[in-house]
Amino acid sequence: MGLKFDPRTKLMLMITIGLIMMSGKLTGPEYILRLVCTAIPFILLLSIKSFKSAILYAILLSGTVFCEGFIVPYTNGVMNLIVMTICGVISRFGPGYLMGWYFVSSTSVSEFITAMKKMHFPDVVTIPMSVMFRYFPTLKEEYLSIHDAMKMREIGQGVKNPFQYVEYVLVPIMMSTVQIANDLSAASLTKGLGVNNGRTHICRISMKAYDWLLILAMVSMLVIFYAF
Amino acid sequence: MEKGFEIKDLITVGVFTALYFAVTFIVACLGFIPIFMAVMPLIGPIFAGIPLMLYFTKIKHFGMVLITSVIIAVLMFIMGHPYPIFIFCIGAGLITELVLRAGKYESIKHCIVGSVTFSLWLLGMVIAFFFGFREAYFASLADGYGQEYVEQMMSYTPAWMFYAMILMCLVGGGIGGLLGAKVLKKHFRKAGMV
């Protein structure tokens, strides 16, 4: 297991990358910042050994850079618009999206809660957020199961009305959402979350030297970003 | 009624915020095609309104919608939207909260009105196109997406468009709320889940 960062460091990384990638320009020092921001998720994905997504990300982004550099100057009109839009979306949202993915897959819920607590977030924000955190992967699973079930019954291809399709997908998801909410609150009651005493945790997170270094690097990147 | 939060409420907030956010996010992804961006405030709430209505029927305390709006604001901010998103989200959350409170958290009509007012937070996402933010935002877009994209976007978003978008939010929220109420009636009340 390679480097293991503190969740707070990861949060800082996410915010920095989000801010720079969304509004960064393609000229001057900001271009270098963008390059750095694009590289960070790749390295981090390698560090948690998810090689498949790291390589996919690398291919996608190099394709984007290639398109922006070589294809765009030779196109115009609608074609240019389409290529630019697709490239822009990938290069702007790709890194942020993968950072989110990295954050979710490399942080356990208890680590997340502990980190939020150390940052003195109130419980009314921490608990819903940690539930969301856990629920996003479940949502995807639920959707895939519904998709499979629809395919088995040969529903879906024939549905032309988008509202009907949305109803077919959304209603079962909403049903299971209600169910999951009930299950989770039962589970949290057994874990004593409803007791108003302070909770203890066995999960240890601490800021190491390289955490501080990374945060320092992020802050200086933001300073450069806004100063120029 | 004013019993304060139980842990169950917080979990309901978390799960439904996740669902609402996911639906909105998927619809918002369409927004990169320029013409869709302009009608996003209309389409978004229509689909997102369906889970939102179910969420509203689960709400029994003051403050749950507010937490949802704060969480959405924080997530949007992390994803790189400018700061006005906080004002819009929390404002929309508060108004919705008051509407639901007026219905004592029971009336389905107030839920529909709540769906209308809650969808106003989407304006925080498009505020970058208008007023003081306009010039700077389009200048930054020109580098990233190319001049042609920017011109396309600009032609879809003249200043009066902002007011049209407010209207779109309201109409979209209304349609979404009505659809949601219909879905609730058709599926959930029968199953005894509301």
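1. Contact between α7(A) and α1(B). In this predicted model, A:Thr177, A:Ile180, A:Ala181, A:Leu184, A:Ser185, A:Ser188 and A:Leu189 of α7(A) meet B:Ile7, B:Lys8, B:Ile11, B:Thr12, B:Val15, B:Phe16 and B:Leu19 of α1(B), where two residues are in contact if their C-beta atoms, placed from the backbone, lie within 7 Å. By class, these residues divide into nine nonpolar, four polar and one charged, with Ala, Val, Leu, Ile, Met, Phe, Trp, Tyr, Cys and Pro counted as nonpolar, Asp, Glu, Lys and Arg as charged, and the others, Gly among them, as polar. The axes of α7(A) and α1(B), the latter being residues 7–29 of chain B, are 9 Å apart and at an angle of about 145 degrees, the axes being lines fitted to C-alpha atoms, for helices over the stretch in contact, and angles running from 0 to 180 degrees between N-to-C directions. The crossing of α7(A) and α1(B) is right-handed.

2. Conventions. Residues are numbered from 1 along each chain as its sequence is written, and chains are lettered from A and ligands numbered from 1 in the order in which they are written. The model being predicted, local features need pLDDT of at least 70 and side-chain atom pairs count only at pLDDT 80 or more, while totals for chains, interfaces and linings use all residues.

3. Helix α7(A) itself. The 29 residues of α7(A), residues 162–190, should span 42 Å at 1.5 Å a residue, and the end C-alpha atoms are 42 Å apart, which agrees; the expected span is 1.5 Å times one less than the number of residues. Its buried residues are A:Leu170, A:Met174, A:Thr177, A:Ala181, A:Leu184 and A:Ser185, a residue being buried if 20 or more other C-beta atoms lie within 10 Å of its own, exposed if 12 or fewer, and partly exposed in between. After the helix comes A:Gly192, whose phi is positive, near 80 degrees.

4. Chain A as a whole. Chain A has eight helices and zero strands, helices being DSSP runs (H or I) of at least four residues and strands runs (E) of at least two. Of its 228 residues, 26% are buried, and among contacts between residues at least 6 apart in sequence, 69% join residues at least 24 apart.

5. A:Gly100 lies in α4(A), residues 77–106, and is partly exposed because 19 other C-beta atoms lie within 10 Å; A:Gly100 and A:Leu11 are 89 residues apart in sequence, yet 9.1 Å apart in space, C-alpha to C-alpha. A:His120, in the loop between α5 and α6 of chain A, has a positive phi of about 65 degrees although it is not a glycine, and it is exposed, with 6 other C-beta atoms within 10 Å.

6. A helix pair within chain B. The axes of α5(B), residues 108–118, and α9(B), residues 160–191, come within 7 Å and cross at roughly 145 degrees, and this crossing is right-handed. The contact has eight nonpolar, six polar and no charged residues, including B:Gly173, B:Gly174, B:Gly176, B:Gly177 and B:Gly180 in α9(B).

7. Confidence. The mean pLDDT (the predictor's confidence in each residue, from 0 to 100) is 79 for chain A, where 83% of residues reach 70 or more, and chain B averages 78, with 75% scoring at least 70. In chain A, confidence is lowest in α4(A), at a mean of 76, and highest in α6(A), at 85. The model scores ipTM 0.75 and pTM 0.80.

How values were computed
A crossing is left-handed if the near helix is turned anticlockwise from the far one by less than a right angle, and right-handed if clockwise.
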